[in-house]
Amino acid sequence: MIIRRATIEDARSLSALAIQVWLHAHAKQGINNGIAGYVFSELGEENLKRQIKDQDKTILVVYQEKFLVAYAILNLRSTCLDAPMIQTELTTFYVQEHCTHRRIGTHLFAECLKRSINDNGKLALWLTISTQNNPAVDFCRKQGMILLGFSNFELGTERHENYLLAGGDL
């Protein structure tokens, strides 16, 4: 397993993995135009290329042999309103379903925490996660994340409740 910073050449694979994981986690009832629009605009290759180039973001990729199996995006300039001492947001954390329970996510999460201290001087990060995504919520709790509050994710006219979690040296 190799964990490294993403390059532009990773963008297409990142997009495919993101779409696969996001739909599996969030499109339980199927796909409509709102979901399709979000997936192609937010998880598309061009948007991921922009994020790779963004100086305020770090994208970490996990490869096994020659295949991308997981990635995370850290926003290094995103202060948590409920815990202003934390300035690193874990905006994306995707692991392919068949790679869960193999410690890939645990290693990637640990690397995210290391990057937070390297970039912001504090071994801490925050994130929001769907209250309906039980496997991901369980994973975060196993990593020591604690509940700070709630927020909403808006997809078109629909609001989806999210947990606001933080972890590391709080």
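## Close-up views of a predicted model

**View 1. Thr 92 sits in strand β4, which covers residues 89–95.** Strands (DSSP E runs of at least two residues) and helices (DSSP H or I runs of at least four) are numbered from the N terminus. This is a predicted model, with residues numbered from 1 along each chain as its sequence is written, and its side-chain values use heavy atoms, leaving out hydrogens and water. Local features need pLDDT of at least 70 and side-chain atom pairs count only at pLDDT 80 or more, while totals for chains, interfaces and linings use all residues. Is Thr 92 buried or exposed? With a relative accessibility of 14%, Thr 92 counts as buried. Here buried means under 20% relative accessible area, exposed means over 50%, and partly exposed is in between (1.4 Å probe, protein chains only). Setting aside residues up to four places away in sequence, Thr 92 touches Tyr 71, Ala 72 and Ile 73; a contact is heavy atoms within 4.5 Å.

**View 2. Here's helix α1, running over residues 11–26.** (The expected span is 1.5 Å times one less than the number of residues.) Several α1 residues are buried, among them Ala 11, Leu 14, Val 21 and Trp 22.

**View 3. Aromatic rings pair up, with 6 pairs counted.** Rings of Phe, Tyr and Trp (its six-membered ring) pair if their centres lie within 6.5 Å; planes under 30 degrees apart are stacked, over 60 edge-to-face, and the rest tilted. Trp 22 and Tyr 38 make a tilted pair, 5.1 Å centre to centre with 35 degrees between the planes. Trp 22 belongs to α1 and Tyr 38 to helix α2 (residues 33–42), so this pair ties together parts 16 residues apart in sequence. Phe 93 and Phe 139 are stacked instead, at 5.4 Å and 25 degrees. That pair links strand β4 with helix α5 (residues 134–142), 46 residues apart.

**View 4. The largest nonpolar core holds 23 residues.** A nonpolar core is a set of buried Ala, Val, Leu, Ile, Met, Phe, Trp, Tyr and Cys residues joined through side-chain atoms within 4.5 Å. Leu 90 and Leu 125 have the most contacts inside this core. Elements giving at least two residues each include β4, β5 (124–130) and α4 (104–120). Which element gives the largest share? That's α4, with 5 residues. Beyond its neighbours within four places in sequence, Leu 125 is in contact with residues including Leu 74, Leu 90, Phe 109 and Leu 165.

**View 5. Salt bridges turn up 7 times in the whole structure.** Each one is a side-chain nitrogen of Lys or Arg within 4 Å of a carboxyl oxygen of Asp or Glu. Arg 4 meets Asp 10 at 2.8 Å, N to O; Arg 4 is partly exposed at 31%, whereas Asp 10 is buried at 3%. Arg 77 pairs with Asp 56 at 3.8 Å. Arg 77 is in the loop between β3 and β4 and Asp 56 in the loop between α3 and β2, so their bridge ties together parts 21 residues apart in sequence. Shared partners also join Arg 12, Glu 45, Glu 46 and Lys 49 into one network. Within helix α3 (residues 45–53), Lys 49 and Glu 45 lie 4 residues apart, about one turn of the helix.
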